[in-house]
Each structure stands twice: as C-alpha cells, then as structure tokens.
Amino acid sequence: MKTRIFLLAVIVGVLATGSAYAAKGEGGGDPRRNRFERLDEDGNGRVDRQEFAKGGAVMFGRMDADGDGVVTLAELEDKQRRERLTRRFERMDANDDGQVTEAEFTAAGDKLFEHLDENADGALSMGELERRRQGGGKPGGAGN
C-alpha cells in the first residue's frame, strides 16, 4: 500500500505545482483551475478515471528520466524536494527494491483516485481536488 500513498502525494503535488501536463496552453487566471482543465481533456468539468490515469502516465514518464520503465531516487533531480519525495518514494516502493515500476505507480494512482472521488461517482470535480489540497478527502483514506 506504500505505492498508492506515494502516488497520492505525487499527483496532488503535480496539481499544486503545475509541473506536468504541458499539452494544453497555459492561459491566464487561477493556476489550479488551469491544471484541472489540462487534466479534464474533454472539458466536461470533471476528471474521470481515464483522464486521471493519463495524467499519471505523463508524470511517470517525466520522472523516468532514462526511459527504462522504473523510477529510481537518482532520477529525482530536484534537490529542494528530494527529502519529501524520498519519503514518498520509499512508501511507494512496495517491495523495497529501490525502484518503482509503472505497475506500482499505476496501482498507487488507482488508490489516489478512489480517495479523491469523495462521492464515488467515478470522476473528480474541481471541488474534490480543492478539498484534498486543503487536507480533505474521504475519511480513513490514504494520507501524505
């Protein structure tokens, strides 16, 4: 379950920092809404499981600097966030082999999506993501 907790932290971090999903234009306005709109590819005001997973796959690809299908701590170059990411990485590395496979990353994303989807409707609203940033989410769900 360490895997899923890590992805929760990573994706929420992506939403908070806007470091991924450069496919759509930046535009002005609220940066959190812009990031949400990048995830919401069909523009229906909700991020469904498929859109969420695609965002996770983009993030995994960015983290996997050498493209070998696993993420190692050596690939996490941002030294300012390294300590925080190291803790999250270690929680995600379910078998403690020093690397996170795409399967581990995806499994963590599934758990994160379920945690964020407060009303269990199969999609994330901007409100659900906002509440997570503010410490909300389903009671008893995965934490940081």
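Modeller: In this predicted model, the count of aromatic pairs comes to two. One of them joins Phe52 and Phe113, with 5.2 Å centre to centre and 65° between the planes. Planes over 60 degrees apart count as edge-to-face, so the pair of Phe52 and Phe113 is classed that way. Phe52 belongs to helix 3 (residues 49-63) and Phe113 to helix 5 (residues 102-116), so the contact ties together parts that are 61 residues apart in sequence.

Helix 3 itself has 15 residues. From first C-alpha to last, helix 3 reaches 21 Å, close to the 21 Å expected at 1.5 Å a residue. At the N-terminal end, helix 3 is capped by Asp48, which places a side-chain oxygen 3.0 Å from the backbone nitrogen of Gln50. The buried residues of helix 3 are Glu51, Phe52, Gly55, Gly56, Met59, Phe60 and Met63.

The largest core has 11 residues, among them Met59, Phe60 and Met63, together with others including Leu85, Phe89, Phe105 and Ala108. Helix 3, helix 4 (79-92) and helix 5 are the elements that give two or more residues to this core. Another core, of 10 residues, lies apart from the largest one; its members include Phe52, Phe113, Leu116 and Met126. The edge-to-face pair therefore has both its residues, Phe52 and Phe113, in that core of 10 residues, and ties helix 3 to helix 5 there.

Conventions. Residues numbered from 1 in each chain as written. Predicted model: local features only at pLDDT ≥ 70, side-chain atom pairs only at ≥ 80, totals over all residues. Heavy atoms only, no water. Phe/Tyr/Trp six-rings, centres within 6.5 Å; stacked < 30°, edge-to-face > 60°. Helix = DSSP H or I, 4+ residues; strand = E, 2+ residues; numbered from the N terminus. Expected span 1.5 Å × (residues − 1). Buried < 20%, exposed > 50% of the residue type's maximum accessible area, 1.4 Å probe, protein only. Polar contact = N/O pair within 3.5 Å; in protein donor to acceptor, adjacent residues only side chain to side chain. Core = buried A, V, L, I, M, F, W, Y, C linked by side-chain atoms within 4.5 Å.
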